[in-house]
Amino acid sequence: MDISLIAYDLDGTALDSQKNLPERNRTALEAAGQSGRLLVPATGRLRKAIPPVLMRLPGTRYAITENGAGLWDEAEQTYRLQEGFGAETAERFLRYAESRDWPCDVYQAGHGYMEEKTYAAMPALLRSPALEAMMLPYRDPVPDLRRAVLECGAPIQKVQFYFSGPRERDAVFAAVQRDFPDCEVTRSSPVNIELSPQGVNKGTALRKLCAMLGLDPAGAAAFGDDLNDLEMIRSAGIGIAMGNADPEVRKAAKAVTLSNDDAGLGVALDCLLRGRFR
């Protein structure tokens, strides 16, 4: 089956470790869009945190955001889909993080809410200018996170816990999965754990987008690297893992390309457009 839609993760996939878009990736995506294929950024980020260059590429109208909780329509400037937790469920997460002294934030109604004291402490925790530039401009620091969530009143797309690095994060990841069996518990960077409603992930969003457009998911290709990409890799007809991908993602993929720092997305897209992946 010919590929009609290409869904691709951003961090660790389309973007290099400095959060830049390699030129080879840009030209390959542009060629894919010009060939009539739909390009769909698929990210854990908020819509406003997607680099504008990606949303301007030919063939780009939709974006999967917030790990599949949002399906954004750029032409209509609205969400076609937006799913989330209620305030009571979010309160469980906030109490959980508070009892462990974990920094956290909340994605709600297109905003990333974070307490002011947490926001001020993030540079010292992250110790990465690239991560700071990806995150902090898209957070709204608030005096009281609980109050901000309640006053907003909208469903909550995602809650994140933050850590100083993968070792600290990995030490508690299984425990968070165990403590929240009714949620999607995943990760998308070396420093976070993400919680979304059960059944809400990039894979279900990809299938819903295909159904909305009358497309067969077997005619979709998906690129990713971390656990929040796993269901998307499994849902697409052709799932391609990055060379830097988590072993579980690599195992689920049909092929593995080069790393994000070696423009692996562009390399694999060139092969895909030449018909090498079937």
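In this predicted model, Val185 has Leu195 of strand 11 as its bridge partner. Strand 10 and strand 11 pair in the antiparallel sense over 4 bridges, and the hairpin that joins them runs through 5 residues. Val185 is also among the residues with the most contacts inside the largest nonpolar core, a set of 32 residues. The points below cover that hairpin, the cores, a second hairpin, the cavity, and several loop residues.

- Strand 10 is covered on both faces.
- On one side of strand 10 lie Cys183 and Val185, and on the other lie Glu184 and Thr186; all four are buried.
- Cys183 and Leu195 are both touched by Phe93.

**Nonpolar cores**

- Alongside Val185, the residues with the most contacts inside the largest core are Phe93, Leu145, Phe161, Val176 and Phe180.
- Another core, of 25 residues, lies apart from the largest one and includes Leu10, Leu39, Ala221 and Leu269.
- Beyond residues up to four places away in sequence, Phe93 touches Phe85, Val159, Phe161, Phe180, Cys183 and Leu195.

- Strand 6 and strand 7 pair in the antiparallel sense over 3 bridges.
- Between strand 6 and strand 7 the hairpin has 2 residues, and Ala109 in the turn has a positive phi of about 55°.
- Val106 stands opposite Tyr113 of strand 7.
- Tyr113 also stands opposite Asp140 in strand 8.
- Strand 7 and strand 8 (residues 140-142) pair in the parallel sense, over 3 bridges.
- Strand 7 (residues 111-115) is mostly covered, with 4 of its 5 residues buried.

**Cavity**

- The model has 1 cavity of 30 Å³ or more.
- The largest cavity has a volume of about 200 Å³.
- Its lining comprises 20 residues, and those closest to the centre are Asp11, Arg45, Met134, Gln160 and Ser188.
- Helix 5 (129-135), strand 9 and strand 11 each supply at least two residues of the lining of the largest cavity.
- By residue class, the lining of the largest cavity divides into 8 nonpolar, 6 polar and 6 charged.

**Loop between helix 2 and strand 3**

- Thr60 lies in the loop between helix 2 (52-55) and strand 3.
- Thr60 counts as buried because its relative accessibility, 13%, falls under the 20% cut-off.
- Thr60 is in contact with Leu39, Pro41, Leu54 and Met55, leaving aside neighbours within four places in sequence.
- Thr60 and Ile6 are 54 residues apart in sequence, and their C-alpha atoms are 9.9 Å apart in space.
- Arg61 lies in the loop between helix 2 and strand 3.
- With neighbours within four places in sequence left aside, the contacts of Arg61 are Leu39, Trp72, Asp73, Glu74, Ala75, Glu76 and Arg80.
- Leu39, a member of the core of 25 residues, is in contact with Thr60 and with Arg61.
- The C-alpha atoms of Arg61 and Val267 are separated by 23 Å, and the two residues are 206 residues apart along the chain.

**Positive phi in loops**

- Lys19, in the loop between strand 1 (5-8) and helix 1 (23-34), has a phi near 70°, a positive value in a residue other than glycine.
- Lys19 is partly exposed, with a relative accessible area of 22%.
- Glu66, in the loop between strand 3 (62-65) and strand 4 (70-73), has a phi near 50°, also a positive value in a residue other than glycine.
- Glu66 is buried, with a relative accessible area of 0%.

How values were computed
Residues numbered from 1 in each chain as written. Predicted model: local features only at pLDDT ≥ 70, side-chain atom pairs only at ≥ 80, totals over all residues. Heavy atoms only, no water. Buried < 20%, exposed > 50% of the residue type's maximum accessible area, 1.4 Å probe, protein only. Core = buried A, V, L, I, M, F, W, Y, C linked by side-chain atoms within 4.5 Å. Contact = heavy atoms within 4.5 Å. Pairing = 2+ DSSP bridges. 1 Å grid on protein atoms, 1.4 Å probe; cavity = no way out; pocket = protein on both sides within 12 Å on 5 of 7 lines; lining within 4 Å. Points joined across faces, edges and corners; volume = space filled by probe spheres on them. Nonpolar A, V, L, I, M, F, W, Y, C, P; charged D, E, K, R; others polar.
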